[in-house]
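The sequence and model are shown first.

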Amino acid sequence: MAESEDVLVILHVAERLMKTHPQLDTGLVAASVQTAYEELRYARVRTYLLVLTERRARDLLSSDEQTPSP
């Protein structure tokens, strides 16, 4: 997958998550997507990169929502 396609994956996932979680800070959503992508970017099989990135980002966001603020 070319680097430009990876950028599209990140943008697409971030856009979808921002639509489904409008109450969250866009910076938090973007950071979660970037973290999820970084964890998966070197996977050999990249067929499901979009889906796996979105699922991991959702997991990160839900853990952030449950963490109490100081």
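E54 lies in helix α3; helices, numbered from the N terminus, are DSSP runs of H or I with at least four residues. The model is predicted: local features need pLDDT of at least 70 and side-chain atom pairs pLDDT 80 or more, while totals for chains, interfaces and linings use all residues. Residues are numbered from 1 along each chain as its sequence is written, and side-chain values use heavy atoms, without hydrogens and water.

With a relative accessibility of 8%, E54 is buried (under 20% relative accessible area; exposed is over 50%, partly exposed in between, with a 1.4 Å probe and protein chains only). Apart from neighbours within four places in sequence, E54 contacts V13, R16 and L17 (heavy atoms within 4.5 Å).

**The nonpolar core**

The largest nonpolar core has 14 residues, of which V13, L17, V29, V33, A57 and L61 touch the most other members. Helices α1 (3–20), α2 (26–40) and α3 each contribute at least two residues to this core. The most come from α1, which gives five. Such a core is a set of buried Ala, Val, Leu, Ile, Met, Phe, Trp, Tyr and Cys residues joined through side-chain atoms within 4.5 Å.

Beyond neighbours within four places in sequence, A57 is in contact with L17, S32, V33 and A36.

V51 belongs to helix α3, residues 49–66. Its relative accessible area is 38%, so V51 is partly exposed.
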